[in-house]
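User: I would like to go through this model term by term, asking each time what a word rests on. Please set the values against the cut-offs as we go.

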Amino acid sequence: MGAVASLWRLACSLALWNAFRANIDEQLIRDTAERLVELGLADAGYTYLNIDDGWSEKRRDGAGRLAAHRRRFPSGMAALAAHIHSRGLRFGIYGDAGRRTCAGYPGSRGYEEVDAQTWASWGVDLLKYDNCNYDAADWDPVPRYSAMRDALNATGRPVVFSLCNWGDLRPWLWGDKVGHSWRTTGDISPTWSSVMEILDASTDLARFSGPGSGYNDADMLEVGNGKLTLGEQRAHFALWALLKSPLLIGTDLRRWGIRPDSLAILKAREVIAVNQDPLGVAGDLVWVQGDLRVYAAPLAGGGRAVVLLNAASGGAANITVSWQQLGLPAGTAALVRDLFAERDLGEFRGAFSAAVPSHDVAVLKLTPVDSSNGSAVADDGWRPWHQLHAQLPPRRPQYDIKLMLLAGGSTAAIILLGVAALAVAVRRQRPAGSGWRRLGDSAAAGTVQLGPAVFVGPAVQIGRSGKPEEEV
């Protein structure tokens, strides 16, 4: 793959954006590093500590280099990285493929080589690379991400390259040539509806993920944040692990920050092992009936990881996974283990059922065995999308569009990538220097015809609040 570093296993990390936004400083990072070690999270596999937007000065130095914010990071980034490394952790930093970051700090477009060299000299081990505030003529993220890939490669330092463009232009189709992971959706929030929206958007993407290519990134974990119930946190964590999404803790770990029961979810070692399984094949939906679902993934050695999800509001529901859904002969004997409880449930044939509470999961490992001698049966060639496509058609091609506000805001260029007429949702991006911030995912935009092509037509007027004021 044409990306930096060798990533044979997913990076488990702590990322600070969900808990702190751009309100970060050196003491917070040092305290968080200590807590990763003290709480046993580093031993559980969370070895990257990633800072997000807001760490730099608002202007580059006289040599054109990025500089750490002098008041909030007085020791500088090289010293901070050295401290993080001394705790047995790895250091992740944030950059942007546009002129400015999402929070308005200097972006790396046009400075890829100098920024990559700067980060390498500081000892950076991971780069999260965002996609805000690019020029309208520079709308395609692939050349911009590729420029940073090449610059990182030129430093000779292994760096995990994490792409963040919110799923625009289907990064699962090209991300493996650029980075190690790619965001597939808009930003998550600490609500059940947000978790479910991202889960639904992840259906049928497992086939684009895996060793030798890279991994779909469903965004940071909200375990410990907001008003998610413990059952919802379990479901969120287990499903992200099964999807082989990078496990990125996004909560405050300081002494008053995280509840013990949420911490226990993050440290569920047998669930983490599903995420880190050496086969590396992502899980996917294999059965659905209303709000009841079964997700599954193959494991090295022939086992299956299974998540029974009750997404319905109300009471518990019985959910059954059949061996047929998992690519196993009906008569196969399989040992079933509860991965959160770390407890064997017994040997079963043909199917397994469990009562699953509302907004909760049962997380299982099935190990097929040879009844004649009790040994495991090794067959890890099954893939979950084969079962998914047997009951649901493959995901239809997505036709991505960019609506660019041109100078003055009176017209917009619509860039359509596709081959058929269809109704579409337009992702809107402000022009550089306009003072408008990047909008959310989409807004209805009617129907456009044909493609590929560029259409110029009426603009959507966007106010400085980021909300549409009127359409003309």
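Analyst: Axes here are lines fitted to C-alpha atoms, for helices over the stretch in contact, and angles run from 0 to 180 degrees between N-to-C directions. Helices (H or I, at least four residues) and strands (E, at least two) are DSSP runs, numbered from the N terminus. This is a predicted model, in which local features need pLDDT of at least 70 and side-chain atom pairs count only at pLDDT 80 or more, while totals for chains, interfaces and linings use all residues. Residues are numbered from 1 along each chain as its sequence is written, and side-chain values use heavy atoms, with hydrogens and water left out.

User: Why are helix 7 and helix 8 called roughly parallel?

Analyst: Helix 7 (residues 192-201) and helix 8 (residues 230-242) pack at an angle of about 20°, with their axes 11 Å apart. Angles under 35 degrees count as roughly parallel, over 145 as roughly antiparallel, 65 to 115 as roughly perpendicular and the rest as oblique, and helix 7 and helix 8 are therefore roughly parallel to each other. Their crossing is left-handed, a term used if the near helix is turned anticlockwise from the far one by less than a right angle, with right-handed used if clockwise.

User: Which residues make that contact, and how do they divide by class?

Analyst: Contact means heavy atoms within 4.5 Å. Helix 7 contributes Trp192, Val195, Ile198 and Leu199, and helix 8 contributes Glu232, Ala235, His236, Leu239 and Trp240. These residues divide into seven nonpolar, one polar and one charged, where Ala, Val, Leu, Ile, Met, Phe, Trp, Tyr, Cys and Pro count as nonpolar, Asp, Glu, Lys and Arg as charged, and the others, Gly among them, as polar.

User: Which residues of helix 7 are buried, and what covers them?

Analyst: Buried means under 20% relative accessible area, exposed over 50%, and partly exposed in between (1.4 Å probe, protein chains only). In helix 7 the buried residues are Trp192, Ser194, Val195, Met196, Ile198 and Leu199, and their cover includes helix 8, strand 10 and strand 11 (304-310).

User: What makes helix 5 oblique to helix 6?

Analyst: Helix 5 (residues 112-122) and helix 6 (residues 141-155) pack at an angle of about 45°, with their axes 8 Å apart. That angle makes helix 5 oblique to helix 6, and the crossing of the two is right-handed. The contact is made by Glu112, Glu113, Asp115, Ala116, Gln117, Trp119 and Ala120 of helix 5 and by Arg144, Ala147, Met148, Ala151, Leu152, Ala154 and Thr155 of helix 6. By class, this contact of helix 5 with helix 6 has eight nonpolar, two polar and four charged residues.

User: Where is cysteine 164, and why does it count as buried?

Analyst: Cysteine 164 sits in the loop between strand 5 and strand 6, and because its relative accessibility is 2%, it counts as buried. Leaving aside neighbours within four places in sequence, cysteine 164 is in contact with Lys128, Tyr129, Asp130, Asn131, Tyr145 and Arg183. Between cysteine 164 and glycine 95, which are 69 residues apart in sequence, the C-alpha to C-alpha distance is 10.0 Å.

User: What is the phi of tryptophan 166, and is this residue buried or exposed?

Analyst: Most residues other than glycine have a negative phi. Tryptophan 166 has a phi near 60°, a positive value in a residue other than glycine, and is found in the loop between strand 5 (160-163) and strand 6 (181-183). At 6% relative accessibility, tryptophan 166 counts as buried.

User: What does the protein look like in its totals?

Analyst: The secondary structure comes to eleven helices and 23 strands, and buried residues make up 58% of the 472 residues. Among contacts between residues at least 6 apart in sequence, 70% join residues at least 24 apart.
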